[in-house]
Amino acid sequence: MNEIRLKRGKIVSAVGIALNFVLAALKIVFGALFGLISVIADGVNNLSDCGSGVVSLVSFRIAAKPADKEHPYGHGRAEYIASMIIGFFVLMLGVELIRESIMKIISGEVSESSIGIFVLLGVSVAVKAGMFVLYRVSARRLKSDALRAASLDSACDCLATIAVIVGLVISRYTSFAAEGYAGALVALFILWEGFQIVRDASSKLLGQAPDPALLESIRGVVLSEQSILGMHDLRVYRFGTEKYFASAHLEMDAKVPALEAHEVIDGVERKVLAELGVEFTAHLDPVDLSDEEAKELEERIRAATEGMTEGLNLHDFRLVRGSKKKIIFEAGVPFACPEKDKEIQNNLERAVRLLGDYEPVVTVERE
């Protein structure tokens, strides 16, 4: 699969590089001949897209490398880095073009244009629209963030070139120097595009939350095993386009023999990998279904804490008997919850102590 993905990614990137180079050369040459800053700006934008294509091409090769001693989870995140590099290229270009456009606006110079320029720009819009479709379809098939960034780039290029055409038309038939404003509009498009690319790539590098649909799929596969009574603490980690790792705590009847429980857990791990392509690791949480006192205490604690914190999820209850009974459980709360973890923990411990002479051991975690 990696070899096929690499081959297709190289072909798409090479086509993009070639088309962008031709468009850049034509626009820069004709823009320089007629003194059209917006056309030159559009051409330089296409030239930067060549660099973006090279970055995409390199990222496909790096991402396809197998795991090694230094990178045991593979090299898939190279595509996120590639997307960020593309984004920074685009941002630097936008800053330079907006500077040049402002200078053009200040000068008030009205540049001459020709029918050939309009034909060139019209062809550019058509080519960029085709490239958008090519990149978009390829990004979905290959699940590539770098190509997705390139597709967004192409869409913005279409809008930017249309803005240039509008500016040139206004300048051609009126005395208003609209071409400089068109160049500034192109630059703003480019800056917004670069910001979007960098933000998306950096979010993934920092550990973006997984797709809720993937979480539900994992839950569905795990809980389809009848021996599994419940699941919590599900964590999913992404190391590239098609490389996912996950871990979770699975609850099973404590009376199930250890070897049998181990085999069930192993089976669930293999099933998640086979059906979803996620390397899954599970921790066994034994539940004593015959301990009526523990079950009653759990129900009382749930009732006492209901509505205490929005989105509160209590799980992993245990009753440890000794000189003083300990009630151990975990409390999951949403990241958006404004209350501090220590405050939530104190409130829960206070609620448990009000139920009797118990020692609460509460762990608060964000879910």
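Guide: Helix H1 (residues 2–34) gives the most to the nonpolar patch, namely seven residues; helices (H or I, at least four residues) and strands (E, at least two) are DSSP runs, numbered from the N terminus. The model is predicted, so local features need pLDDT of at least 70 and side-chain atom pairs pLDDT 80 or more, whereas totals for chains, interfaces and linings use all residues. Residues are numbered from 1 along each chain as its sequence is written, and side-chain values use heavy atoms, without hydrogens or water.

The patch is formed by Phe21, Val22, Leu26, Val29, Phe30, Leu33, Phe34 and Leu47, which together present about 720 Å² of accessible area on the surface (Shrake-Rupley method, 1.4 Å probe). Its members have over 30% relative accessible area and no salt bridge, with nonpolar side chains joined within 5 Å. A salt bridge here is a side-chain nitrogen of Lys or Arg within 4 Å of a carboxyl oxygen of Asp or Glu. Val22, which lies in H1, has a relative accessible area of 47% and is therefore partly exposed; buried means under 20%, exposed over 50%, and partly exposed in between (1.4 Å probe, protein chains only).

Asn20 also lies in H1, but at 1% relative accessibility Asn20 counts as buried. Leaving out residues up to four places away in sequence, Asn20 touches Asn46, Asp49, Cys50, Lys128, Met131 and Tyr135, where contact means heavy atoms within 4.5 Å.

Helix H4 (residues 115–142) has 28 residues and spans 40 Å from its first C-alpha to its last, close to the expected 40 Å, that is, 1.5 Å times one less than its number of residues. An α-helix has 3.6 residues a turn, so residues three or four places apart point the same way. After H4 comes Lys143, with a positive phi near 50 degrees.

Most residues other than glycine have a negative phi.

The aromatic rings remain to be described. There are three aromatic pairs, with ring centres of Phe, Tyr and Trp (its six-membered ring) within 6.5 Å; planes under 30 degrees apart count as stacked, over 60 as edge-to-face and the rest as tilted. Phe239 and Phe245 have ring centres 5.6 Å apart and planes at 90 degrees, so this pair is edge-to-face. Phe245 is buried, with a relative accessible area of 16%. The rings of Phe317 and Phe329 have centres 4.9 Å apart and planes at 20 degrees, so they are stacked. Because Phe317 lies in strand S4 (residues 313–320) and Phe329 in strand S5 (residues 326–333), this pair ties together parts 12 residues apart in sequence. Both Phe317 and Phe329 are buried.

Note on methods:
Patch = residues over 30% accessible without salt bridge, like charges linked within 9 Å, V, L, I, M, F, W, Y side chains within 5 Å.
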